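The sequence and structure are shown first.

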Amino acid sequence: MAWPRVQLVVTADDFGYCPRRDEGILAAFLAGTVTSVSLLVNGTSAESAAELARRYSIPTGLHANLSEGRPVGPARHGNSSLLSRKGFFLGKMGFREAVAAGDVALPQVREELEAQLSRFRELLGRAPTHVDAHQHVHVLPGVCQVFAEVLHAYGVCVTRLPVERGVGSCTWLETPAHAFACTVERDARAAVDPFSRHGLRWTDAFVGLSTCGRHMSADRVLRALEQALEGIPAGQAVTAEWMVHPGYPSVPPAGGCGEGPDAFSCSWERLHELQVLTEPTLKTQLAQESIQLCTLDVLNSKCVEEGVPPEPSLEPILEPSP
């Protein structure tokens, strides 16, 4: 493949989840591969993670969380459609089921997002470079509209659109992961309209659904990027985001967002991702394809003035996945 000129943002999610995850994310950042992080402000190590971000000048966005742990907004006082009887968010699939059933009060979603944005500013002393969401809840029907309105009101113009071309044909994904990835991609396509109407921007391409955990390797990431950028002329400047979840695995009971760490964070797969990201040959392979690592400033610098609609993202990412 003759590659376009790719500026690649590598975003590590779940910063603030636990000190061990944070230590691994910092190692990947210092290795020069991770270029951006997304902070869980309700994570147990959010305050120490924010201190790391300040100390090492790590570009940091908000990893909005509506699905795991305890809220930071008014919902923490109970009697909220966002919470279970035990006072925790409803979970990755539980929240989706509640949204689909019409059981989630969208004004309460707005309150929680606003509270998390305010908490982010308290921790970092500034606005986030971007806002995405834990377990991709920001692209869910209805939620995506509220999400776009809140980001617009708070002056944040960069988000994530988790549309990975070709994810439907990734036969190496286990059935639950494959089904979830395809659902996320479907929801993300439907979120394009409200995101665009509120002036949000995202990278021209996205990968990470097919390269998570044990499935991550330099070769597989390059193949995912190649598929995501297929049809774009050689030499054309494009942006892409690679979503990653590295770290040293959590050790219970430390970590999590109020309920202790989940199996995902305790898995050896977090360490596998860290090892891939800190392997020196990865940067060499990316450079060989003229892929330049960068931060989301590449999008923030293009944010239009208020009231002017954004330029559309490249059309290829919105073609149906095979």
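## Buried loop residues

His136 has a relative accessible area of 5% and is therefore buried, where buried means under 20% relative accessible area, exposed over 50% and partly exposed in between (1.4 Å probe, protein chains only). The model is a predicted one, in which local features need pLDDT of at least 70 and side-chain atom pairs count only at pLDDT 80 or more, while totals for chains, interfaces and linings use all residues. Residues are numbered from 1 along each chain as its sequence is written, and side-chain values use heavy atoms, with hydrogens and water left out.

His136 belongs to the loop between strand S4 (131–133) and H5; helices (H or I, at least four residues) and strands (E, at least two) are DSSP runs, numbered from the N terminus. Apart from neighbours within four places in sequence, the residues in contact with His136 are Arg96, Arg160, Pro162, Phe180, Val184, Leu209 and Met243, contact meaning heavy atoms within 4.5 Å. The backbone of His136 has a positive phi, near 60°, in a residue other than glycine. Gln135 lies in the loop between S4 and H5, and its phi is likewise positive, near 60°, in a residue other than glycine. With a relative accessible area of 18%, Gln135 counts as buried.

Asn65 is placed in the loop between strand S3 (60–64) and H3. Its relative accessible area is 0%, so Asn65 is buried. Not counting residues up to four places away in sequence, Asn65 touches Leu40, Asn42, Phe89, Glu112, Gln116, His134 and Cys257.

In the loop between S6 and H8 lies Pro253. The peptide bond that joins Pro252 and Pro253 is cis, with omega about 5°.

## Helices with a buried face

In helix H3 (residues 92–100), the buried residues are Phe95, Arg96, Ala98 and Val99. They lie on the same side of H3 because they cover an arc of only 165° around the axis, the arc being that of the directions from the helix axis to the C-beta atoms. Glu97 and Ala100 are exposed residues on the face of H3 turned away from its buried side. The cover over the buried residues of H3 includes helix H5 (143–153) and helix H6 (175–197). Just after H3, Gly102 adopts a positive phi of about 75°.

Helix H9 (residues 269–278) has as its buried residues Glu269, Arg270, Glu273, Leu274, Val276 and Leu277. Down the axis of H9 these residues fall within an arc of 165°, so they line one face of the helix. They pack against strand S1 (5–15), H1, helix H7 (218–228), strand S6 (237–244), helix H8 (263–266) and helix H10 (280–288).

## Packed helix pairs

Two packed helices are described by the angle between their axes and the distance between the axes. Here axes are lines fitted to C-alpha atoms, for helices over the stretch in contact, and angles run from 0 to 180 degrees between N-to-C directions.

| Helix pair | Axis distance | Axis angle |
|---|---|---|
| H1 (residues 19–30) and H2 (residues 46–56) | within 11 Å | roughly 15° |
| H5 and H6 | 9 Å | about 20° |

The angle makes H5 roughly parallel to H6, since angles under 35 degrees count as roughly parallel, over 145 as roughly antiparallel, 65 to 115 as roughly perpendicular and the rest as oblique. Cys144, Gln145, Phe147 and Ala148 of H5 meet Ala191, Pro194, Phe195 and Arg197 of H6 in this contact.

H1 passes H2 in a right-handed crossing; a crossing is right-handed if the near helix is turned clockwise from the far one by less than a right angle, and left-handed if anticlockwise. Asp22, Leu26, Phe29 and Leu30 of H1 make the contact with Ser48, Ala49, Leu52 and Tyr56 of H2. The crossing of H5 past H6 is right-handed.

## Cysteines

How many disulfides does the structure hold? There are 0 disulfides, a disulfide being a pair of cysteine sulfur atoms within 2.5 Å. The closest cysteine sulfur to that of Cys144 is in Cys157, 18 Å away, which is too far for a bond. Cys257 is in no disulfide either, and the nearest cysteine sulfur, that of Cys18, is 10.0 Å away. Cys144 counts as buried at 8% relative accessibility, and Cys257 counts as buried at 3%.
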